[in-house]
Amino acid sequence: MDIPLVLVDDANEHEQGNAGSTLYLGALMVACSFMVVNCFALVWFWMRGAVWRCKFGSVRNFKPRSNFGTMSIVLPCYMPNEHSIVMETIEHLLNVVEYENDENSLEEEPTVTVYCTYNAPPTWSHPVEQQLAKMDNTRVGKWRRRFRAIRVHDSKSKAANLNRVIEEIDTDYCVIYDADHHPDFDSLRIMTNQLIIEDADCIQGSTYIREGLGFMGLMIDAEFFMNFFLLLPAASTIVSGGWFGGSNAVWRTPFLKSQPFHPSVQTEDIEYTARALMKQAKMNFCPQSRSGELAPASLAAFWKQRLRWAMGWDQVTLMHFAGITTGGSLTLRLRLGMFWLLVMRWVVAVFMAYAVVIHPVVKMVSHIHAWASGQGEDLQPSSYEMFDKISGCCLVITLSILLITVIVYERPLRTKMRQLLFVCLFIAFSPFNLLFQIYLTAVSLRRIWRGEIGGWVVTARAGGGSGGDPHDAESSSHPQARASIACLMGSRFQFADDADGTYHVMKADPKRRRTTVAGSASKWSAIELQNRRQTA
């Protein structure tokens, strides 16, 4: 008996529809499993944090500072780009960031040494370099810290600058800051305290945008807050440890000197982390240790920065893929953790985009089709409801933790409310951010495949360091670029001697998590003092 062709075609279409529906539902279930894993990891991190606080108290319950040990503060920079901001940052590190218990006398060995290590084109010269040379190997600042300025003549990268200075560091610990970073006054003590308590090799702090707070800067600030207080801690639970982010991280010096930074990769911090984890280094995050940086100067600078980060991560993944999967003597958990950190990020990004971009579009089309056909209900299978419930539950838990985190850690109230607003905006735009990340990865892999990686490029920053004429002293947007570092007085007020002999006062308020700023565009309140050196 012959079967009508119409029935055969209907059967084939039905089978194809079932196969497509099965694949669609399977992709949603995979995305849902990633959501559950991340949500569970975030909750677990918070539970561990609660246990830590019950055992040790607040992160600000420091051991006596005299027991911390000696510290080196390393400031790598590239002068044609960062000469306009480096003196202000040095001033901040010498006079605002706390570590010692009391002022050191000149007869005592300094507890802290500040290193400014920089590279520049062979023909470059600038009054800032002359000022650095004048300060080199002297005791300056409120705590009489030793200052060292080292020009690395054959360097073309941050990694080479770091390798040069690490050779001569002999302190117990070492912290690395980028040239635009202004750590909170207690940031270094918080990180060092946690490093000692946890017997770790590295503690990585968090970052926020301190200047350049236009719409783009505020969105980046919200992204940083979500990353450092939620996403990265959750990922560290899966990886069984944190990783080095390039700045605002304190290290035990012996481990830092055990391996060099790779000078030919775009993200020397992630590459260093990969090798450190393979050596089973103990690395953790401490979001409460905060440091402010400058926002990218423009959308073009933002694009170059994010593309460099994407290429750096992809470079490291491809370089160490064999070592992660089969090489070394890694434990199974560490091997799986590194695989999740480096390789699975591609898979997770694709499936999360599938869940938060494609699925909502399909639902919307289904509702419109149902309404247009007069059926009164959508045409989706009821099995999709499970995905919606699970993803909704994960979203509620994540948003609840995020809300509590903003309320607890942001200061003052104005900043708290602003952060809440822009974090909500960032979440609302997260589907576009996911698509942007996937596009970045595609461009990155294409450039790596075609050998178009290029050299290491410094990001142009808002408020300074935009790469102006390196010989033009007036190209600096900060008057402090000409300032010398003078002896400062008091714990709340510090003084700087400008090139024209005028003294300025800068206020650091210990009641706030961020350095109190007022007045000038460089975020320092500047008050001319009639009483000069004798007042200090």
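This briefing describes the strands, nonpolar cores, aromatic pairs and salt bridges of one structure. The structure is a predicted model, in which local features need pLDDT of at least 70, side-chain atom pairs count only at pLDDT 80 or more, and totals for chains, interfaces and linings use all residues. Residues are numbered from 1 along each chain as its sequence is written, and side-chain values use heavy atoms, with hydrogens and water left out. Helices (H or I, at least four residues) and strands (E, at least two) are DSSP runs, numbered from the N terminus.

**Sheet**

- An open sheet of 9 strands has the order S3-S4-S2-S1-S5-S8-S7-S9-S6, with mixed pairing; two strands pair if DSSP finds at least two bridges between them.
- At the edges are strand S3 (138–140) and strand S6 (182–183), each of which pairs on one side only.
- Strand S5 (residues 173–176) and S8 run antiparallel and are joined by 4 bridges. Val175 has Val250 in S8 as its bridge partner.
- Strand S7 (residues 202–211) and strand S8 (residues 249–252) also run antiparallel, joined by 3 bridges. Here Cys202 has Trp251 in S8 as its bridge partner, and Gln204 stands opposite Ala249 in S8.

**Nonpolar cores**

- In soluble globular proteins, nonpolar side chains tend to be buried together.
- A nonpolar core is a set of buried Ala, Val, Leu, Ile, Met, Phe, Trp, Tyr and Cys residues joined through side-chain atoms within 4.5 Å. Buried means under 20% relative accessible area, exposed means over 50%, and partly exposed lies in between (1.4 Å probe, protein chains only).
- The largest nonpolar core has 63 residues, of which Val74, Trp243, Trp251, Phe261, Met283 and Leu342 touch the most other members. H6 supplies the largest share of this core, 14 residues.
- Another core, of 37 residues, lies apart from the largest one and includes Ile90, Trp124, Val175 and Val250.
- Beyond its neighbours within four places in sequence, Phe261 is in contact with residues including Ala159, Ile176, Phe244, Leu256, Tyr272 and Arg275; contact means heavy atoms within 4.5 Å.

**Aromatic rings**

- The whole structure holds 19 aromatic pairs. Rings of Phe, Tyr and Trp (its six-membered ring) pair if their centres lie within 6.5 Å; planes under 30 degrees apart count as stacked, over 60 as edge-to-face and the rest as tilted.
- Phe34 and Phe351 make an edge-to-face pair, at 6.1 Å centre to centre with 70° between the planes. This pair links distant parts of the chain, with Phe34 in helix H1 (residues 5–56) and Phe351 in helix H11 (residues 344–373), 317 residues apart.
- Phe34 is buried at a relative accessible area of 9%, whereas Phe351, at 24%, is partly exposed.
- Phe225 and Phe229 are a stacked pair because their ring centres lie 4.5 Å apart and their planes stand at 20°. Being 4 residues apart in helix H6, these two residues are separated by about one helical turn, and both Phe225 and Phe229 are buried.
- One aromatic cluster is made up of Phe244, Trp251, Phe255, Phe261 and Tyr272.
- Over the face of Phe255 lies Lys279, at 5.3 Å from the ring centre; a charge sits over a ring if NZ of Lys or CZ of Arg is within 6 Å of the ring centre and within 35 degrees of the ring normal.

**Salt bridges**

- A search of the whole structure gives 17 salt bridges, each being a side-chain nitrogen of Lys or Arg within 4 Å of a carboxyl oxygen of Asp or Glu.
- Glu109 and Arg146 form a salt bridge, their closest N and O atoms being 3.7 Å apart. The two are 37 residues apart, with Glu109 in the loop between helix H2 (79–95) and strand S2 (112–119) and Arg146 in strand S4 (residues 145–151). Glu109 is exposed at 63% relative accessibility, and Arg146 is partly exposed at 26%.
- Arg306 and Glu223 meet in a salt bridge of 2.8 Å, N to O. This pair joins helix H9 (residues 299–325), which holds Arg306, to helix H6 (residues 215–239), which holds Glu223, across 83 residues. Both Arg306 and Glu223 are buried.
- Arg450 and Glu452 form a salt bridge with the closest N and O atoms 3.5 Å apart. Arg450 is partly exposed at 47%, and Glu452 is partly exposed at 35%.
- A network of salt bridges links Asp136, Arg148, Arg164 and Glu168.
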